[in-house]
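Here is a short briefing on one protein chain.

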Amino acid sequence: MKDEFISVVSHELRTPLTSIHGSLGMLASGLIQPDSEQGKRLLQIAVDSTERLVRLINDILDIERIESGKVKMEKQNCNVADLIAEAVNVMQPLADRAGITLSVSSISQQIWADPDRIVQTLTNLLSNAIKFSPAGSTVWLSAELRWGEKEVESWGEKIAPSHILFQVRDQGRGIPIDKLESIFERFQQVDSSDARNHDGTGLGLAICKSIVQQHGGRIWVDSELGKGSSFYFSLPVLKFSDTSDLEPSTSDRLPLVLVCDDDPEIRNELQTLLEKRHYRVVTVADGEEAIAAASHQRPDAILLDLLMPGMNGWETMAVLKERADTRDIPIIICSVCTPTTTNQPNQDFVNWVSKPLEESLLVQSLRQALTHSSKRVRVLLVEDDPSLAEVLQTLFELHDITTFHARTGREAIRLSQEVNPDLLILDLILPEGDGFAVVEWLQKHNQLCKIPLMIYSARELEESERQRLKLGHTEFLKKGQVTPQEFENRVMNLLHQITRHSGQDGNNDN
């Protein structure tokens, strides 16, 4: 096992490091220009190889921390359908590249679980199924309620389900009978060549087993050589009597977008596109419905068509801006018409997107609308690594966010007083005072003790340490365990909540 482990890790480390070194070396030498086709390909190779390294390191650290009990599952009330949708969104590009069809059967059922860890389990099982399936085949993902036999016999009816059964089924090569148990152990694979041929580390299924067991469930596999495998895991159902003190589902805090368009195909297209980007969506077919929905549901933004029968877009917008309860909702025009010099973004609408829709432009316009306010949002970034700080500052510039950068704990305390930021993003391991010292100082400050805080660190935190790091609304993100897009989404959602709440507070003050 030791020899196999050294072989796997050596290959997984050396191969991507060689690719990164070679790719970046050619770009740094000037032999190949970064904006050329060759240059772009080399950059993509470096990115892909970096992701392979991060995956290996995360797997090794994850299995140790989970099995030693050092990782506390951040459980909350979440919906099975949301977890499955997120996992499928992550794995769909891999399935498309492999020529695999994903068939999904989901249910809407609340469970008490760590959503990130359950999505990790689902994506791991889906990834394996896709990798070991022939092109043109199908991978099935399903979830269903399973009833406890004793409950049914005792009461004579199905009073409550006992667990959710998840299944990932493929049409791959199958697993020998003597491997059905061992594949859930560390560094165990059906074939030792799998690490090289399928980017495996032999840790994924062991991590899945640990996560499921931490949730009070179990995981197993049925397989037939040459015909495929079915991986199952079960999770207890959240009993309704246990929900009184739970926080709202994460999905309830995501931005709500109202789509108004008389074309049902466009409404469906926009809904699919936005839900993939983790927005909640309400669709209506005409201006009257849009006004009623905006007044009742108070969306965070409105996508409005112009050419509609009955009340057109201009008339609808005029009514929305006249009403006190809807006038502050940002509107984005979404029309086959193109804006003229007299129809530029103004106080009535914040942007204009022309049909046929270009996804990147629509998403960019929507993000700008959701962070739209009378002043630019100010973020104080406390990070001692200059390369990571530069990457994050570039990201914030794309969203028109003013960023202030502190490299030390002492500098963070000084800048927080000068800037009074809307959001503090804080690393914990810093020179001249660590992140704990920064938070402790801010907690004693009358004005700064309520700053929204995002801890972005590689450090593993105990629950007692998390309690020490509370300011205003506080969130925790783990370096290396969230993708850049996930980091961007979390930050932008948090900033949107901050600007929306501050706007509501301002209206209350008036």
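Helices (H or I, at least four residues) and strands (E, at least two) are taken as DSSP runs, numbered from the N terminus. On that basis, the protein chain has 16 helices and 17 strands. The model is predicted.

**Overall make-up**

- The protein chain holds 510 residues, and 45% of them are buried.
- Among contacts with a separation of 6 or more, 67% join residues 24 or more positions apart.
- The accessible surface comes to about 26,200 Å². Carbon and sulfur atoms account for 50% of that surface.

**The five-stranded sheet**

- Five strands form an open sheet in the order β14-β13-β15-β16-β17. Their pairing is parallel.
- The edges are β14 (402-406) and β17 (474-478), each of which pairs on one side only.
- On average, neighbouring strands of this sheet are turned by 20° against each other, direction ignored.
- β16 (residues 453-457) pairs with β17 in the parallel sense, over five bridges.
- Within that pairing, M454 has E475 of β17 as its bridge partner.
- In general, strands of a sheet pair through backbone hydrogen bonds, either parallel or antiparallel.

**Helices α13 and α14**

- Helix α13 (residues 409-419) lies across β13 (378-382) and β14. The helix runs at about 150° to β14.
- How do α13 and α14 (residues 435-443) cross? Their axes come within 9 Å and cross at roughly 30°.
- Angles under 35 degrees count as roughly parallel, so α13 is roughly parallel to α14.
- The crossing of α13 and α14 is right-handed.
- On the α13 side, the contact is made by G409, A412, I413, S416 and Q417. On the α14 side, V438, W441 and L442 take part.

**The buried strand β11**

- Is strand β11 (residues 331-335) enclosed or open? Five of its five residues are buried, so β11 is largely enclosed by the rest of the structure.
- I331, I333 and S335 point one way from β11. I332 and C334 point the other way. Residues on both faces are buried.
- Strand β10 (residues 301-304) runs parallel to β11, and three bridges join the two.
- L303 stands opposite I332 of β11.

Key. Residues numbered from 1 in each chain as written. Predicted model: local features only at pLDDT ≥ 70, side-chain atom pairs only at ≥ 80, totals over all residues. Heavy atoms only, no water. Buried < 20%, exposed > 50% of the residue type's maximum accessible area, 1.4 Å probe, protein only. Contact = heavy atoms within 4.5 Å. Areas by Shrake-Rupley, 256 points an atom, 1.4 Å probe, with all protein chains shown as cover. Pairing = 2+ DSSP bridges. Axes fitted to C-alpha atoms, helices over the stretch in contact; angles between N-to-C directions. Parallel < 35°, antiparallel > 145°, perpendicular 65-115°, else oblique. Left-handed = near helix turned anticlockwise from the far one by under 90°.
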